[in-house]
Amino acid sequence: MALRLFIGNKVYSSWSLRGWLAVRQSGLPFEETVAPLYDDSWDARREAAEFAPSNGKVPILWDGDVPVWESLAIIDYLADKVGADRFWPADPAARALARSMASEMHAGYQALRQQHTMNMRHVYPPEPLTPEVAENVDRIVALWDQARTRFGQGGDYLFGAFGAADIMFAPVVTRFRTYSIPLPPAAAAYCDAVRAHPFMVEWTAGADAESWVIERFERNASV
Ligand SMILES: N[C@@H](CCC(=O)N[C@@H](CS)C(=O)NCC(=O)O)C(=O)O
């Protein structure tokens, strides 16, 4: 039976993007269901059996009757299924850095995540960053630089080939574009590579086809 993945809107749902990229990276067949966040049916829908294990959050992956949620857990579940090398670099030192970066992304950068929510539909003119967001951006750029310099020789991604660390940072790449956040050349080149990846091109096309608008995720929202 194919995997079933439940995600939110492709325009707005950053965690869904991670879960979806993970399943695409696994190479396994899957059925995708988009549950539009915060629409009139949301409260009822998030209480449905499909969403119970994650307490109503997306992404959630079902492998038969086995549910997996939390984007990093989805990556690890799929890595167990298809082989870790598809997600994590083989070299132990590179793998240690990739895992640390992915975990830091999963748990951190609250200011960037809250003040610059994912919105794939727009490119806004630049505005001054708060000190907290500027600190997040500097940290991310420094980590990207470290990964690319030490372990990125084999390709355009953080550890050469596209993998779990890139998946975890992919929504940040879209935010840097949406909010016109200035980046040094190496980070900008990495962002270009992520945006050009076939999976990201596919997700972006899906986002372009959506018409839902969630006011709270629009920059000049009055809420
Ligand atoms: N830590 C979770 C975050 C999941 C999450 O917060 N998803 C958001 C959408 S991007 C959600 O489901 N929000 C709806 C809600 O909380 O009601 C992960 O890694 O997947």
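This is a predicted model: local features need pLDDT of at least 70, side-chain atom pairs count only at pLDDT 80 or more; totals for chains, interfaces and linings use all residues.
On the α1 side, the contact residues are S16, L17, W20, L21, R24 and Q25. Helix α9 answers with F199, M200, E202 and W203. Sorted by class, this contact holds 6 nonpolar, 2 polar and 2 charged residues.

Now the geometry. Two packed helices are described by the angle between their axes and by the distance between those axes. Helix α1 spans residues 14–26, and helix α9 spans residues 198–208. Their axes come within 11 Å. The crossing angle is roughly 130 degrees. Angles from 65 to 115 degrees count as roughly perpendicular and those over 145 as roughly antiparallel; α1 and α9 are therefore oblique to each other. The crossing of α1 and α9 is right-handed.

A second pair is formed by α6 and α7. Helix α6 covers residues 131–151, and helix α7 covers residues 164–178. Here the axes come within 13 Å and cross at roughly 120 degrees. That angle makes α6 oblique to α7. The crossing of α6 and α7 is left-handed.

Which residues of α6 and α7 make the contact? From α6 come V137, I140 and W144. From α7 come F169, V172, V173 and F176. By class, the contact of α6 with α7 has 7 nonpolar residues, with no polar and no charged ones.

Handedness is right for α1 and α9, but left for α6 and α7. The α1 and α9 contact includes 2 charged residues, whereas the α6 and α7 contact has no charged residues.

Key:
Residues are numbered from 1 along each chain as its sequence is written. Side-chain values use heavy atoms; hydrogens and water are left out. Axes are lines fitted to C-alpha atoms, for helices over the stretch in contact, and angles run from 0 to 180 degrees between N-to-C directions. Helices (H or I, at least four residues) and strands (E, at least two) are DSSP runs, numbered from the N terminus. Angles under 35 degrees count as roughly parallel, over 145 as roughly antiparallel, 65 to 115 as roughly perpendicular and the rest as oblique. A crossing is left-handed if the near helix is turned anticlockwise from the far one by less than a right angle, and right-handed if clockwise. Contact means heavy atoms within 4.5 Å. Ala, Val, Leu, Ile, Met, Phe, Trp, Tyr, Cys and Pro count as nonpolar, Asp, Glu, Lys and Arg as charged, and the others, Gly among them, as polar.
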